[in-house]
Amino acid sequence: MVAKDGVYGDRVALERFTSLYLVSNTPKGRGVFAGRDIPSGTIIDICAVLVLDPVENVEHIEKTSLYHYTYNWPMANPAGKPTKTQAVVFGLGSMFNHSTEDQNVGWKRDLKHELVTYSALRDIREGEELCISYGDHLTFVDADAPAQAGWTERPEDVLAGIELD
Ligand SMILES: C[S@@+](CC[C@H](N)C(=O)[O-])C[C@H]1O[C@@H](n2cnc3c(N)ncnc32)[C@H](O)[C@@H]1O
């Protein structure tokens, strides 16, 4: 099969910054790091997602560790009303850790094509970890944060709590 204009014409060019590496033993688990300087605005990756059926998500995925890798995903219910489910992001999108104070990567959903595009929010120096924001409700102790007394986990707020806009 050949995808060209007019035939499979709804194409999205994929892009990935090439000089990246995965480090497996950071305080946040595995993480993605810059292999060279990345100018502000550079596309880091464009990742396809699997949008989960909302019922399947609640009955199965939320009970597994996979849930901690899913993103909130808006969708319409059968009546056409806006609702939410979760989506599994393939590729590097599932490997970015969270930073509260110093996110250097932003992300944007493409609902039509079921993609997430990640890009540099500022100039990133070689060796820096690439971090996004998961939003305000973390389900883990933030490795960057000073020790807090009385931290409690809210199982309903996982990575799924990422707030895009
Ligand atoms: C999407 S995964 C990111 C990749 C993950 N580090 C791994 O090794 O598979 C999300 C998980 O990474 C960990 N994580 C991400 N950001 C963190 C942070 N700021 N502090 C501590 N753990 C973090 C948490 O365990 C979280 O549930």
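Visitor: Where is the place of Glu114?
Guide: Strands here are DSSP runs (E, at least two residues; helices are H or I, at least four), numbered from the N terminus. By that count, Glu114 sits in the loop between strand 7 and strand 8.

Visitor: What kind of model is this, and how are residues numbered?
Guide: This is a predicted model, in which local features need pLDDT of at least 70 and side-chain atom pairs count only at pLDDT 80 or more, while totals for chains, interfaces and linings use all residues. Residues are numbered along each chain as its sequence is written, starting from 1.

Visitor: Is Glu114 buried, exposed or partly exposed, and what is its phi?
Guide: A residue is buried if 20 or more other C-beta atoms, placed from the backbone, lie within 10 Å of its own, exposed if 12 or fewer, and partly exposed in between. Glu114 has 16 such neighbours, so it counts as partly exposed. Its phi is positive, in a residue other than glycine, with a value near 55°.

Visitor: How many bridges pair strand 7 with strand 8, and which residue is the bridge partner of Gly106?
Guide: Two strands pair if DSSP finds at least two bridges between them. Strand 7 and strand 8 (residues 115-120) are antiparallel, and their bridges number six. The partner of Gly106 in strand 8 is Ser119.

Visitor: In what order do the five strands of the open sheet lie, and which are the edge strands?
Guide: The pairing in this open sheet is antiparallel, and the order is 4-5-3-8-7. An edge strand pairs on one side only, and this holds for strand 4 (70-76) and strand 7 (105-110).

Visitor: Which residue in strand 5 is the bridge partner of Leu50?
Guide: Strand 3 is joined to strand 5 (residues 82-89) by three bridges, and the two run antiparallel. Leu50 has as its partner Val88.

Visitor: Which strand gives the most to the shell around the ligand?
Guide: The ligand is surrounded by 15 residues (each with its C-beta atom, placed from the backbone, within 6 Å), the closest being Gly29, Arg30, Asn97, His98 and Ala143. Two elements give two or more residues to this shell, strand 2 and strand 6 (97-98). The most, three residues, comes from strand 2.

Visitor: Is Pro39 buried or exposed, and which residues does it touch?
Guide: Pro39 lies in the loop between strand 2 and strand 3 (43-51). With 10 C-beta neighbours inside 10 Å, Pro39 counts as exposed. Leaving out residues up to four places away in sequence, its contacts (C-beta atoms, placed from the backbone, within 7 Å) are Ala120 and Asp123.

Notes. Contact = placed C-beta atoms within 7 Å.
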